[in-house]
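Reader: I'd like to go through this model with you, piece by piece. Can we start with how the helices cross and then move on?

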Amino acid sequence: MRPDPTPHASPTALPGYAATGRIDELRASEYRHLDTDGQVYLDYAGAGVAAQARVRAHHDRLLAGLYSNPHSENPTSVAAGSLVGSARRAVLDFFRADPDEYTVIFTPNASGACRLVGEAYDFGRTAPLVLTWDNHNSVNGIREYARSARASVRYLPLNGPELRVAESDLVAVLDAGSGGLARRWGRPGRRGLFAYPAQSNFSGVQHPLGWVELAQQRGYDVLLDAAAFAPTNRLDLSVVRPDFVCLSWYKLFGYPTGVGALLARRSALARLRRPWFAGGTIRAVSVQGDWHRPMDDESAFEDGTLNFLSIPDVEFGLRWLDSIGVDLVHARVGLLTEWLLERLATLRHDTGGPLVQVYGPMTGAGRGGTVTFNLRHPDGTLVDERLVAREAATAGLSLRTGCFCNPGAAEGAFGMSRTSMRQRLLAGVDTIDQYLAALGLPTGGAVRISFGLASIATDAERLVDFVQSTYLNRSAGTESPLPPRLRC
């Protein structure tokens, strides 16, 4: 077992850190723009950072060739289509997905991938939707499609301070869902959909990938949200076989933005029925005849013209990440996360009270490189996250504050009950601050930092120095007025 470092030791002193030294070399060469003007980037869960090499590669490709709308058959169109096809193959190769089993649908982002599944899934009274509390809102939104089809929607709660889901709860809900309802309504062949994040973008909790097979054995299709997981963890689709996987490429390697993907098992994709069609998605259509025939492959789900000038950058990004090694990135992020958690736990006011309250696991076991927390005054009251955002920006730290589009995780972290929420909101509210007051919450969100591909020890040390020097033993009531909250 690895000995714990002393509280003030640098992350570089951790056993195994030196073996991740390639990250430091890349930071000094390909990611040196991260250190411009003394900035510290700590928001990899929001977006990755582009290497200088990939910006140059995009520039060189556009100047070396001519590409046009791939929905044609001229030479420039064929050239663009060829690069898009090569990117599809690269995606399957990176995730070790059998092309006979999986296909790749390019979308604007992970949210677009979730919408494709939600709008086309065959929900109904015998085909329920099961969700964990800590899903991103882009997954939570699928419930509106399910409810429109009169399907039941069941949420799995988070348990304890680590904000995990008990597998026994999952099994109970799955067993009471698809199988029981199918028997009741006489539709034993009907399926349900189980959607969950491989890694919570709020707490960093990594839910077991084994839940995919567990749910499939009970008649469910599985949508795995891998947007927060894939940038620093290996997802091997030859081992774990979810029916749908949603991704945003900018979270893996910073560029391109505006391009995501839905990886889908061909058998599951064939069961989807889209409620509309668009340019590029149909083989033939008639206005007077009032009929259309959709395409038979992934293009039936790619509305309009693809972002054909940026999709080839996905292939470069995957090759780039593969050359560095996802396992190497995973190791570096894990070391920094463990060090940070240990260090934050040592920070206490002279009153003896903790300076930092972390939401989620306090060790590196079963979690990723996202750490969400609030700061406390010596009297125990919370430091307003808006103040932290303002003062962190002044100190040159790029971090995230707010709710992170994950209301269920926040409700679990702040101990909000369903009954109290409904009772206190019956009168209605007009502003976010009134909403928080009605719920009795001391603040409107939390602070989130996240490590990624180009993170180094100095990033973690600068964060701790900022937290300690700015908020340790700082009394409440010394802040200047803050602007009203506009959204959450």
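Predicted model: local features only at pLDDT ≥ 70, side-chain atom pairs only at ≥ 80, totals over all residues.

Reader: Okay, what hand does the crossing of α2 and α11 have?

Author: Helix α2 covers residues 52-64 and helix α11 covers residues 311-324, and the two pack with their axes 10 Å apart. The angle there is about 145 degrees. As for the hand of the crossing where α2 passes α11, it's right-handed.

Reader: And how do the residues of that contact divide into nonpolar, polar and charged?

Author: On the α2 side you've got Ala 53, Arg 54, Ala 57, His 58 and Arg 61. From α11 come Pro 312, Asp 313, Phe 316, Gly 317 and Trp 320. Sorted by type, the contact of α2 with α11 has 5 nonpolar, 2 polar and 3 charged.

Reader: Which elements are included in what covers the buried residues of α1?

Author: Helix α1 spans residues 21-29, and its buried residues are Gly 21, Ile 23, Leu 26 and Arg 27. Their cover includes α12 (326-346), α17 (457-471) and α11.

Reader: Now the sheet. In what order do the strands of the open sheet with β11 and β14 come?

Author: There are 4 strands in this open sheet, and the pairing is antiparallel. β11 (356-359) and β14 (400-402) each have a single partner strand, so one side of each is left without a neighbour in the sheet.

Reader: Which residue of β12 does Val 356 stand opposite?

Author: β11 and β12 run antiparallel and are joined by 4 bridges. Across that pairing, the residue of β12 opposite Val 356 is Leu 375.

Reader: On the β15 side, what's the bridge partner of Val 371?

Author: β12 and β15 are antiparallel too, with 4 bridges joining them. The partner of Val 371 in β15 is Ile 449.

Reader: And what is the bridge partner of Gly 402 in β15?

Author: β14 is joined to β15 (residues 446-450) by 3 bridges, and these strands run antiparallel. In β15, Gly 402 has as its bridge partner Ala 446.

Reader: How many residues of β12 are buried?

Author: In a regular strand, side chains alternate between the two faces of the sheet. In β12 (residues 370-375), Thr 370, Thr 372 and Asn 374 point one way and Val 371, Phe 373 and Leu 375 the other, and all are buried. The strand is mostly covered, then, and the buried count is 6 of 6.

Reader: Is Arg 88 buried or exposed?

Author: Arg 88 lies in helix α3 (residues 75-94). Beyond its neighbours within four places in sequence, Arg 88 is in contact with Val 104, Ile 105, Phe 106, Glu 298, Glu 302 and Leu 306. The cut-off for buried is under 20% relative accessible area, so at 14% Arg 88 counts as buried.

Reader: What's the relative accessible area of Asp 37?

Author: Asp 37 is found in the loop between α1 and β1 (40-41). Its phi is near 60 degrees, a positive value in a residue other than glycine. Asp 37 is exposed, and its relative accessible area is 72%.

Reader: Last one: what is omega for the peptide bond from Tyr 255 to Pro 256?

Author: Pro 256 is in the loop between α9 (249-253) and β8 (260-265). The bond from Tyr 255 to Pro 256 is cis, with omega near 10 degrees.

How values were computed:
Residues numbered from 1 in each chain as written. Heavy atoms only, no water. Pairing = 2+ DSSP bridges. Buried < 20%, exposed > 50% of the residue type's maximum accessible area, 1.4 Å probe, protein only. Contact = heavy atoms within 4.5 Å. Axes fitted to C-alpha atoms, helices over the stretch in contact; angles between N-to-C directions. Left-handed = near helix turned anticlockwise from the far one by under 90°. Nonpolar A, V, L, I, M, F, W, Y, C, P; charged D, E, K, R; others polar.
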